[in-house]
Amino acid sequence: MFPNYETMKIAFKKWKLIFNGWNCLKESRNKAESKNTIDEYFKECKLLKRVILFAVCRGNYAEGFNFSGKKARAVFLIGVPNLNIKGIKYKMKKIFYKRAKTLNIKYDQTKRIIDDNLDDWYDRQRDQAIL
């Protein structure tokens, strides 16, 4: 699994040459294409063919698929799937933490304790993407 689609695209080109003779499939940003790819992957696994699936942490295959038995012999995590600090999710959380600190708010609406540190939240997001 890769931290983002760009890293996966670069690695896919190189690894496809290394695994010559194997069916190398990669996740697409497009959900319809990803559905076709995963169907092909599972079909190849059922036939015990040599197949490799390249996917992205937090991507289309991150949740909701069962890779049990012969569908996954190993998972390799390439890079760290950190959130984009220029992305909207990070920016909004940063604003939230600043306001909570200014107003001395210790709990959110669901009565969960708000961390004092935005870095702790950021690290937890990365950890959740891996696990």
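This is a predicted model: local features need pLDDT of at least 70, side-chain atom pairs count only at pLDDT 80 or more; totals for chains, interfaces and linings use all residues.
Me: What makes up the chain, and in what order?
Reply: The chain has four helices and two strands. From the N terminus on, the elements run α-β-α-β-α-α.

Me: How do you know that strands β1 and β2 pair?
Reply: Pairing needs at least two bridges between the strands. Four bridges join β1 (residues 23–26) to β2 (residues 51–54). Four meets that cut-off, so the strands count as paired. They run parallel.

Me: Which residues of β2 stand opposite K26 and C24?
Reply: K26 stands opposite F54. The bridge partner of C24 is I52.

Me: What lies between the two strands along the crossover, and why is the crossover called right-handed?
Reply: The chain goes from β1 through helix α2 (residues 31–46) to β2. Point the strands away from you and follow the path from the first strand over the helix to the second; a clockwise path is called right-handed. This β-α-β crossover is assigned as right-handed, so its path runs clockwise in that view.

Me: What makes E6 and R29 a salt bridge?
Reply: The rule asks for a side-chain nitrogen of Lys or Arg within 4 Å of a carboxyl oxygen of Asp or Glu. In the pair E6 and R29, the N to O distance is 2.6 Å. That value is within 4 Å, so the pair counts as a salt bridge.

Me: Where do E6 and R29 sit in the chain?
Reply: E6 is in helix α1 (residues 5–18). R29 is in the loop between β1 and α2. They are 23 residues apart, and the pair links distant parts of the chain.

Me: What separates K35 from D39 along helix α2?
Reply: They are four residues apart, so about one helical turn separates them. K35 is partly exposed at 46%. D39 is partly exposed too, at 37%.

Me: Why are C24 and C45 called buried?
Reply: Buried means under 20% relative accessible area. C24 has 7%, so C24 is buried. C45 has 9%, so C45 is buried as well.

Me: How much of the chain counts as buried?
Reply: Of the 131 residues, 29% count as buried.

Me: What makes the phi of L48 worth a remark?
Reply: Most residues other than glycine have a negative phi. L48 is not a glycine, yet its phi is positive, about 60°. L48 lies in the loop between α2 and β2. Its relative accessibility is 61%, which is over 50%, so L48 is exposed.

Me: Which residues make the nonpolar surface patch?
Reply: I88, M92 and I95 make a patch of about 310 Å². Such a patch takes residues with over 30% relative accessible area, so each of the three passes that cut-off. M92 is found in helix α3 (residues 88–102).

Me: What separates K16 from I52?
Reply: Along the chain, 36 residues; between their C-alpha atoms, 9.4 Å. K16 is found in helix α1. At 45% relative accessibility, K16 counts as partly exposed.

Methods:
Residues are numbered from 1 along each chain as its sequence is written. Side-chain values use heavy atoms; hydrogens and water are left out. Buried means under 20% relative accessible area, exposed over 50%, partly exposed in between (1.4 Å probe, protein chains only). Patches are made of residues with over 30% relative accessible area and no salt bridge: like charges are joined within 9 Å, nonpolar side chains (Val, Leu, Ile, Met, Phe, Trp, Tyr) within 5 Å. Accessible areas come from the Shrake-Rupley method with a 1.4 Å probe; for residues, only the protein chains shown count as cover.
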